[in-house]
Amino acid sequence: FNLQWSSANASLTVGRQPISLATTFYFTPNDLFAPFAAQAFFRVYKPGVDSARAEIKLGNLSQLSLIGVLGYDEDASSDNGWESTPDWDQTALISRLVFAAHGFEWGLLGGTAYDRTIAGGSLQGEIADWLGLRLEGHYAWPDDDGIDNYLLLNIGLEHRFPGSMTIRFEQFHNGQGFTAVADAVRAIQQGDYDGLYLGENYSALSLGYEFSPLLYGELLALVNWSDDSQLYTANAVYSVADESELSAVLSLPNGDEPNNAGIKSEFGTRPWAVNLEYRLYF
């Protein structure tokens, strides 16, 4: 539920709404609010957050966004795992400027996100009308003196061939992560880590192909270079009718499996899985 107001050069939305600041596809360090996991194929619906967002048009290809998002503490006894009243210390206040120059879209990002101050940016466009380039990231200064400053940076390359095949590659540096999975687990247990990924460096490679107007398939490989674990996923979406589709996802992890001594690798903790889903839009 939200309330919206708009004019020719500005808009304001207050209430529950999805907010996406991502430029890249799989690893999205600038997507601060309910981001998708890298291996998530279904991205039509994104959970909303309690927020206020103002969009101000500065020119034909430039825009300023001012975003405020309420934060909540965890509560294991509640129905959804979060407290019902906001924690004002966890409130996020973000500003983002997007503009076009030299054939690329540039973005500048800054503000406070939960318990840290961040400054970063993004870039997207094409090189020689053939190779797509996407980049996003930020540098963070945590309020907790016991947590070091860190850099999150993701660079992506992509190309769509005339035969409807698309190939994408992304390289992600997670300065918040760890070179040893045992150190990551220890930090989580002590409450000193809340990142999405445990390692320091990741790669993603995907191939997508439209077999017919009704059938689309995609293969995705994720690699955690810190512990040499991988996650291979395949997704096929078939359009059954105008407002319905059938999706099948196969997930195959590869890495050292956990034992009594603890977790040995990030993707090694995941099970082999097959998921079949029917979606109806109305």
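## A salt bridge within the helix

Asp183 is partly exposed, and its relative accessible area comes to 32%. In this predicted model, the side chain of Asp183 meets that of Arg186 in a salt bridge, with 2.8 Å from N to O. Arg186 is likewise partly exposed, with a relative accessible area of 42%. Both residues belong to helix α1, which covers residues 181-189, and because they are 3 residues apart in that helix, about one helical turn separates them. An α-helix has 3.6 residues a turn, so residues three or four places apart point the same way.

## The buried face of α1

Which residues of α1 are buried? Val181, Ala184 and Ala187 are, each of them lying within the helix. When α1 is viewed down its axis, the buried residues fall within an arc of 120 degrees, and they therefore line one face of the helix. After α1 comes Gly191, a residue whose phi is positive, near 75 degrees.

## The chain as a whole

The chain contains 1 helix and 15 strands, and its C-alpha trace spans about 50 × 50 × 40 Å along the principal axes. Of the 282 residues in the chain, 38% are buried.

## Salt bridges beyond the helix

Side chains of opposite charge can pair when their charged atoms come close. The structure holds 9 salt bridges, and one of them joins the side chains of Arg134 and Glu158, with an N to O distance of 2.7 Å. This pair links distant parts of the chain, since Arg134 sits in strand β8 (residues 131-142) and Glu158 in strand β9 (residues 150-160), 24 residues apart. Arg134 has 18% relative accessibility and therefore counts as buried, the cut-off for that class being under 20%.

Another salt bridge is formed by Glu277 and Arg279, whose closest N and O atoms are 2.6 Å apart. Elsewhere, salt bridges that share partners join Arg134, Glu158 and Arg168 into one network.

## The second largest pocket

The second largest pocket holds about 360 Å³ of space. It is lined by 17 residues, of which Phe41, Phe42, Tyr216, Glu218 and Asn235 are the closest to its centre. By class, the lining of this pocket is made up of 10 nonpolar, 2 polar and 5 charged residues.

Which strands each supply at least two residues of this lining? They are β12 (215-224), β13 (229-241) and β14 (244-254). The strand β12 gives the most to the lining, with 3 residues.

## The cavity

Rolling a probe the size of a water molecule over the atoms shows where empty space is left. The structure holds 1 cavity of 30 Å³ or more, and the volume of the largest cavity is about 40 Å³. Its lining consists of Phe178, Thr179, Ala180, Val181, Leu198, Gly199, Asn224, Ser226, Asp227 and Glu266. Divided by class, these lining residues are 4 nonpolar, 4 polar and 2 charged. Val181, one of the residues that line the cavity, is also one of the buried residues of α1.

## Positive phi in two loops

Tyr114, in the loop between β6 (104-113) and β7 (116-127), has a positive phi near 60 degrees. Tyr114 is partly exposed, with a relative accessible area of 28%.

Asp228 is placed in the loop between β12 and β13, and its phi is also positive, near 60 degrees. With a relative accessible area of 51%, Asp228 is exposed, because that class begins over 50%. The two strands on either side of this loop, β12 and β13, are among those that each supply at least two residues to the lining of the second largest pocket.

Technical notes
Residues numbered from 1 in each chain as written. Predicted model: local features only at pLDDT ≥ 70, side-chain atom pairs only at ≥ 80, totals over all residues. Heavy atoms only, no water. 1 Å grid on protein atoms, 1.4 Å probe; cavity = no way out; pocket = protein on both sides within 12 Å on 5 of 7 lines; lining within 4 Å. Points joined across faces, edges and corners; volume = space filled by probe spheres on them. Helix = DSSP H or I, 4+ residues; strand = E, 2+ residues; numbered from the N terminus. Nonpolar A, V, L, I, M, F, W, Y, C, P; charged D, E, K, R; others polar. Salt bridge = Lys/Arg side-chain N within 4 Å of Asp/Glu carboxyl O. Buried < 20%, exposed > 50% of the residue type's maximum accessible area, 1.4 Å probe, protein only. Arc of directions from axis to C-beta.
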